[in-house]
Amino acid sequence: MGKKAEARMHKGKILSFVPTGEYYFTKGLKAYHRRDFIKAKKYLGRAMQLEPGEPMITCQLAIVSTELGEFENSNRLLHHILEELDSEMVECHYLLANNYAYMGFFKDAYHHAKLYLQLDPDGDFSEDTEDLLELLTFESEELEDELFLQQDDLIYKQEQARDLLESGYFPKAIELLKDVVKEYPEYWSAYNNLALAYFYLGKSEKAESILDDVLERNPGNLHALCNRLVFAHYQGEVENVTNLLTILKKIQPLLSEHQFKLGTSFALVGEYELAYLWLKKLYKQGFDGDGPFYYWLSYSAYFTGYENFAKSIWKKVLEITPDKEGSEPWNGEKASVNGFEDHSGSIFQKLESEYVEERLFALFLTTVSKKKEEIITSKRLFQNQKLTTLEKEYISLIRSGKPSITSDAQEIAELFYENHQPIGAIESGLYLMWFSVFVEVSKANIHLKNKRAWAGAVEYVWHKLRHEKVSQQEVATRYGLSIGTIGKYVKIVNDILN
């Protein structure tokens, strides 16, 4: 033992070494310059643990992740910097552009490249960014013809799926979105819409599992977090709603798509001040919004005291979606949001579905629609080649009251309508479940004698699939049934659905 060490021991002092984030950052940089990316990731990860709010450390870790081919992790870190740590660290856009280009998401790559040049036209990476843009847009005809068309096809499919969701066309939306995620396994927007489709169809457990998968593979995904908030709100999970709101209130997204999602999600759960903050910001920026954008902007404006602005925006809502007339936010309780039954376009779309249960559901919607005569006498209905004997019998019932097996299906759906109207995206899951059961019942020639028992059983199963707290006794009382009767029919319904 040396004299200095002995001296320290005699003085009774132990000099400990406490490494800092800067220490590990320096070691990480040295490893990076040696191109030892595994060690660089290890050191930089430790540095980030010690100093989680330091954007330079996070950015260097993102660069190392790119070198290791971990593009998803790199993008997550870069978005984290821009949205939470330092929005002025514009070089992150250049890095994102390169990552997205490698991943094949050329529209996203183009967006971030243009944004970088817009924010820092004379920056260190401006020449490289211009080269990347040239590659993306001009250099290769094959790139333009195939890759951009592939991206356009992806966007088209996503928009088509969104239209199907908004029209309550859930099985078809699920079919389309499953194809999209199979072809593009890292296209998170499609996963999120797929979760919505399952949720609206009443399959909340499946929807939640999809969101779990997204957040595991793409932590912090804003769309998944917003969908979680909406699901928790609809299912009355107050504590979960509070926790998610705490997280989402801290997020400051830069992309207009993320601001729109955040704003509409806040509006959906009644957080109108936050909704107005984000949606009005987009409006000022000249955001080219669709019907839902103006709808929620008007609602959030009205409920935060900007009544005149809300009314001016509502004119835009009616220009895009005339069916919204009557659902103005200032109508109070009278402003029940119109259901699918008052949207003839939605009904016709369902009538042309590949799924018989959706076509039957559309015919029920017709019976309770203000536009019943318009639909039932339309040329479009007469020319529909997808209608089977079952739907034609239903049409005959609507036109002339001629009784058939569909009379029973109609009466049971009317029992639902007493408590579940107007029929929106959530409620449609109950009716679709009923008509799915009815199709199987009609194939088996089962007589629907106890209609209240069938209705009560289907409603109970629907609530349970949505993980809603409801007892058989509660539903039995609502439909005037004994607990034994509803239990018997619940078993039958479960057997049919399984």
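## A buried ring

Phe37 is buried, with a relative accessible area of 10%. Buried means under 20% relative accessible area, exposed over 50% and partly exposed in between, using a 1.4 Å probe and protein chains only. The model is predicted: local features need pLDDT of at least 70, side-chain atom pairs count only at pLDDT 80 or more, and totals for chains, interfaces and linings use all residues. Residues are numbered from 1 along each chain as its sequence is written, and side-chain values use heavy atoms, leaving out hydrogens and water.

## Aromatic pairs

Rings of Phe, Tyr and Trp (its six-membered ring) pair if their centres lie within 6.5 Å; planes under 30 degrees apart are stacked, over 60 edge-to-face, and the rest tilted. The count under this rule is 32 aromatic pairs. One of them is tilted: Tyr32 and Phe37, at 5.8 Å centre to centre with 50° between the planes.

Tyr295 and Trp296 have ring centres 4.9 Å apart and planes at 85°, so this pair is edge-to-face. Both residues are buried. Ring pairs also link Tyr295 and Trp296 into a cluster with Tyr272, Tyr299, Tyr302, Phe303, Trp314 and Trp330.

## Charges over rings

The charged end of Lys280 sits over the ring of Phe309, 4.5 Å from its centre. The rule asks for NZ of Lys or CZ of Arg within 6 Å of the ring centre and within 35 degrees of the ring normal.

## The whole chain

The chain has 28 helices and zero strands. These are DSSP runs, numbered from the N terminus: helices are H or I with at least four residues, strands E with at least two. Of the 498 residues in the chain, 49% are buried.
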